[in-house]
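User: I would like to learn how to read a few features of a structural model. Please take them in turn.

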Amino acid sequence: MALTSIKFLPGIDKQDTSVGANGRWVDSDNTRFRYGLPEKVGGWQSLLTSTLHGVARKIHAFVDTDGNRYVAIGTDKFLLIYFEGNIYDITPFRSNNAGTPTTFSATLSTSTTAGTVITVTTSAAHSIEVGDMVVFDSVTMPTGSSLSATLFEDKVCQVITVPSDTTFTITSPTAEANGGGATLTSGSSVTLKPYVRIGPAAQSYGYGFGIGNYGGTITGSTSTELDGSLNADTAGTGGAGTAVTVDATAGFAAAGTIAVGTVPNAELITYTSKNTTQFLGITRGAKGTATAGTSNGQAHSTNTTVQDATNWTGWGDAVTASTVTLEPGLWSLSNWGQVLIATVADGKTYTWDPSIAAKFETPAAMLTTNYVTAISGTVGNPTASRLTLISPTTRHLIHLGTETTVGDATTQDNMFIRFSDQGSINTYAPSADNSAGTYRLQDGTKIMGAIVAKENILVWTDNALYSMKFVGSPFTFGFEQVGTNCGLIGQNACCEIDGVAYWIGNNGFFAFDGTVNSLPCSVEDYVFDDFDTTKGQQVSAGINNLFTEVVWYYPSATSDYNDKYVVFNYGESKQVPMGNWYTGTNTNSIRTAWIDAIVYPKPYSTAFKNSADGTFPDVVGSTGLGQTTFYQQETGTDQVNPDGSTTALTSYITSYDIALQQEQPELFLAMRRFVPDFKTLTGNAKVTIGLKDYPSSTGGNSTYSPFTITSATTKEDTRARGRYVNVKIENDGTGEAWRFGTFQIDLQPDGRR
């Protein structure tokens with residue numbers, strides 16, 4: 001019997017059923033379409049032998065006047081610079097509005113009882129929070145301590161607990177061995193400077209009551225495990241007494257609250273004191289966390305995790321808006337000529353000059369010579385802005401969602417825009433002889449994002465899109481609302497290419513080419529039915545211009561971080577109903593930030609793993625920070641890790657269910673064989689033939705599936721029988737790449753059922 005050829009349209013169709021999506025592919029991962037044919041995506045390799053602390057949500061490439069290339073990387077803890085295979089820490093210090101770094105003098109306390117816990121007591125209230133980073137200098141350890149000052153000198157340390165407004169604790173790399181249990185403090189001294197606080201790693205959602213970890217996102221809360229079980233009663237370990245026994249209490253507050261079990265279903269237990277292995281004077285089931293309908297605590301088995309919840313806020317109590325952190329730590333990154341401009345979301349603006357000799361040892365600051373952003377008299381940058389960008393042709397530094405009174409963070413207005421004088425980085429007071437100015441948008445509740453487009457600047461609120469164009473004196477910029485009900489879901493969820501902007505909102509995908517258009521989407525329900533839109537600020541959009549792709553990485557309903565992606569192929573969509581879209585969930589493929597090949601010949605990206613800590617910068621006592629890997633995309637066929645090892649880049653694509661016999665549905669057909677048709681094939685590919693009797697039937701595979709295909713394979717005998725058939729193309733090994741052509745099968749009638 002002659003071969004039957006089946007040609008598929010490009011893109012994935014998840015809006016229809018697997019039978020109704022006639023002529024389409026219905027599922028994919030790590031697969032793209034090029035010239036109408038599906039192929040495995042290109043590989044990627046780590047640009048560093050180290051990994052980074054925290055989650056990166058913004059990267060920006062720029063070039064200095066000598067042609068040196070840099071990438072600025074903003075994480076929720078650090079601001080870093082990548083330069084030709086090396087990484088440097090340029091995180092700014094916390095400072096006042098005049099740009100002077102905040103400095104504290106303090107003493108250190110150690111003891112053998114506390115083990116690796118070091119208590120730092122500052123001479124004044126520190127406003128430091130759990131998870132903050134502080135840099136130690138001029139360290140003198142307590143008299144008699146076994147710990148060397150070199151363990152902490154000029155080191156970044158992570159704050160683990162904050163027992164009071166003048167104390168906090170860090171974790172030493174080694175335990176105190178001297179003192180015989182007595183607290184050692186005499187003779188100690190240290191000078192410390194906190195890094196600027198950027199924000200939490202994950203976005204939380206809630207108003208008025210506890211959110212995230214019950215009102216406060218606590219990175220690296222001290223934890224231990226139960227040593228013995230707790231019953232569902234009001235007593236302590238083993239159902240007796242008023243003490244909870246654990247492996248160790250080091251690092252926990254002297255008196256406070258513990259959370260036993262898995263958040264958000266943990267039990268809160270308060271305690272009045274502690275010894276080395278017990279929390280004493282306990283009260284079970286605090287804040288309504290006892291067994292439902294009773295005043296008794298919950299039952300917990302031995303080895304259950306116990307966390308220090310003393311500083312968690314808002315569990316069961318109303319909290320003011322000022323104490324609720326909703327959005328994750330974000331950066332705005334751009335360059336004023338060769339100088340990096342870095343703004344912390346809802347915070348201050350810092351600069352970093354690559355032309356100075358000690359550039360890699362000099363942090364970004366508000367007092368960078370010739371690029372000052374600090375406030376002096378009536379001159380100075382706003383100190384609280386949602387984001388910033390630079391007008392590329394007129395050189396205005398624009399603050400969006402910023403202060404109505406410069407220097408007064410309490411006047412921050414999420415819809416207010418302020419721009420500098422032309423060519424001046426630090427002049428914002430409007431006057432007759434400059435072009436500084438202000439404007440307030442009306443449609444929406446807050447500015448969500450902005451990008452430089454082909455002829456103007458596009459500014460999104462949570463409901464509308466505005467065009468911001470330079471019009472000259474006396475207004476400098478003109479504003480026009482060009483769209484409504486098309487708000488942006490997150491600061492980094494938009495991008496622009498060839499004069500067209502693409503973005504994702506709470507209710508769909510959009511494009512702007514002079515007119516706002518809703519993008520027809522063949523995977524829309526799949527995306528939005530499992531999209532945690534309350535974490536929209538974590539969405540990252542990117543352009544891969546070589547393959548005419550816009551990609552969005554987003555968090556699903558069951559994930560704290562990005563775990564899925566969706567791609568729109570803008571170059572190959574006009575001929576396809578609902579556009580050329582494809583999706584993926586491969587853990588290795590998910591990104592948190594992306595830049596296209598502009599400064600560098602390949603796209604660069606960042607990937608985040610919450611289950612491990614990074615290695616750079618060197619942080620004393622780091623815990624719970626997560627790990628970011630910095631990749632070069634579209635290189636090779638697999639993932640090359642920081643340690644040089646290779647991880648196989650797996651991929652697959654699955655077709656719709658093809659009706660083998662439409663004219664006589666009571667007949668079964670037999671597929672005797674298929675002929676592989678690969679445009680390119682490196683290594684092996686696998687072909688699986690799936691079969692169904694009816695559309696609602698549970699599918700199965702043909703007898704010999706999967707078939708391993710090589711470049712030498714001419715045909716495969718299948719022995720497949722059914723009413724519907726689909727084909728799955730995949731690979732699971734290293735060094736493999738493929739591009740599939742036409743599905744060719746040999747069919748013959750095979751009787752009735």
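This is a predicted model: local features need pLDDT of at least 70, side-chain atom pairs count only at pLDDT 80 or more; totals for chains, interfaces and linings use all residues.

User: What does the protein chain average in pLDDT?

Analyst: pLDDT is the predictor's confidence in each residue, from 0 to 100. The protein chain averages 91, and 94% of the residues score at least 70. Over residues 206–217 pLDDT stays under 50; the model has 38 contacts (heavy atoms within 4.5 Å) beyond four places in sequence for this stretch. Residues 318–325 also stay under 50, with twelve such contacts.

User: Which order do the strands of the open sheet have?

Analyst: Strands of a sheet pair through backbone hydrogen bonds, either parallel or antiparallel. Strands here are DSSP runs (E, at least two residues), numbered from the N terminus, and two of them pair if DSSP finds at least two bridges between them. The open sheet has four strands in the order β29-β30-β31-β32, paired antiparallel. Its edge strands, β29 (387–390) and β32 (437–440), each pair on one side only. Neighbouring strands are turned by 20° against each other on average, direction ignored, with axes being lines fitted to C-alpha atoms. Four bridges join β29 to β30 (residues 397–400), and L389 stands opposite I398 in β30.

User: How many aromatic pairs does the structure hold?

Analyst: Rings of Phe, Tyr and Trp (its six-membered ring) pair if their centres lie within 6.5 Å; planes under 30 degrees apart count as stacked, over 60 as edge-to-face and the rest as tilted. The structure holds 38 such pairs. The rings of F568 and W581 have centres 4.7 Å apart and planes at 40°, so this pair is tilted. F568 lies in β43 (residues 564–569) and W581 in β44 (residues 581–584), so the pair ties together parts 13 residues apart in sequence. One aromatic cluster includes F568, W581, Y502 and W552.

User: Are F568 and W581 buried or exposed?

Analyst: Buried means under 20% relative accessible area, exposed over 50%, partly exposed in between (1.4 Å probe, protein chains only). F568 counts as buried at 6%, and W581 is buried at 0%.

User: Where does the charged end of R32 sit?

Analyst: A charge sits over a ring if NZ of Lys or CZ of Arg is within 6 Å of the ring centre and within 35 degrees of the ring normal. The charged end of R32 sits over the ring of F547, 3.7 Å from its centre. K359 has its charged end over the ring of F83, 5.3 Å from the centre.

Definitions and conventions. Residues are numbered from 1 along each chain as its sequence is written. Side-chain values use heavy atoms; hydrogens and water are left out. Axes are lines fitted to C-alpha atoms, for helices over the stretch in contact, and angles run from 0 to 180 degrees between N-to-C directions.
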